[in-house]
Amino acid sequence: MAERPQIAILGAGIFVRNTYIPRLAEISDLFTLKAIWSRSEESAKGAVEIARKFFPEVECKWGEAGLDEIIQDASVIGVAVVLAGQTQVDMSLRLLKAGKHVLQEKPAAASISEVENALSSYNSFSATLPSRPIWAIAENYRFEPAFVESKKLMAEIGDMMNVQIIIEGSMNSSNPYFSSSWRRDFTGGFVLEMGVHFIAGLRMMLGCEITLVSTNTSHIDTTLPPPDIISSTIQLENGCSGVFVMVVSSRSPKVLWRVVGLKGTIQVERGNKKGVHGYSVTLFTAGGQSNSWFYPFSGVTEELKTFLSDISRATLKKDHSYQAEPRLSYLEGARDVAVLAAMLESGKRQGAPVQLKRF
């Protein structure tokens, strides 16, 4: 039986404390958490204190010296990079170059140019390593059961006719991420940081790429970084068109994907069933019938399990032959960024059509 992989976490912020540690605790039999690192000693110790309730042996690392210790530790084969969006790509490349497998939190990059430079660097140094390290992006929506099942149902609705995505993303002063400085300083603000989830879910369902967008953007709520509204028409490679509307507001989140086909319609909507948050999936058929299913959120956990499985199998292979789960690939995350980057660029040009960059 394969030895349990040892991993480290870089980052000790809100998402590590509130999501990563609890979700990893649910699957603690699959791996060993070797260390948690942060730039400051205080932050690292705060996260480690929480983690030791589940992982009593986890080590606390901080600063450049602590980072070097993780990089030099051959027993650590995988690292979750959960840092400010502006620094994640450089940190991921540093770890990958050292031969570590990386699960980087979304977004994949801050811009198209960063994606291009990152891929060029990764492909270049990977060719010189004994085995190609896995670079995965954590967006979790490709692992949400609602989208996995919706993708299977697409065959039921016949030829695709139209796509509609309506998002009200909740962000107000009671949200722990409201004051997050890196998200506020990010190009595209919360629209890009949150929006990659919704684009990931859409692309997962459709199995078809967006090729062209025409977008209007607005900035109404001055407590939020611009833009806070994005309204876009989209063109798919299969000739189908649709709309993508996202409003960052202070209200409870409302999220709807709707794909209309010749023989029926699939609708995915965020909801709550008996106190459990998740997504409801409804299939409407041409005959007026409908069936609905509810799937609780579990994408983060499924994504982590997949990454752990991938790095274990890749380590056993010890060459370039292992093919990691494509839903986790950096390329998929980069393609999600490309959609939103094109929308934001179109918004700057007062709605001029923008062709998507292909990776």
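Val58 touches Leu33, Lys34, Ala35, Ile36, Val48, Ala51 and Arg52, leaving out residues up to four places away in sequence; contact here means heavy atoms within 4.5 Å. This is a predicted model, in which local features need pLDDT of at least 70 and side-chain atom pairs count only at pLDDT 80 or more, while totals for chains, interfaces and linings use all residues. Residues are numbered from 1 along each chain as its sequence is written, and side-chain values use heavy atoms, without hydrogens or water.

Val58 sits in the loop between helix H2 (41–51) and strand S3 (59–62); helices (H or I, at least four residues) and strands (E, at least two) are DSSP runs, numbered from the N terminus. Its C-alpha atom is 5.1 Å from that of Lys34, 24 residues apart along the chain. Is Val58 buried or exposed? With 0% relative accessibility, Val58 counts as buried, a term for under 20% relative accessible area, with exposed over 50% and partly exposed in between (1.4 Å probe, protein chains only).

I turn now to the cores. A nonpolar core is a set of buried Ala, Val, Leu, Ile, Met, Phe, Trp, Tyr and Cys residues joined through side-chain atoms within 4.5 Å. The largest has 79 residues, of which Leu10, Trp135, Trp257 and Tyr330 touch the most other members. Helix H8 (residues 189–206) supplies the largest share of this core, twelve residues. A second, separate core of 32 residues includes Phe55, Val58, Leu304 and Leu328.

Finally, Tyr330: beyond its neighbours within four places in sequence, Tyr330 contacts residues including Val89, Gln104, Trp135 and Ile137.
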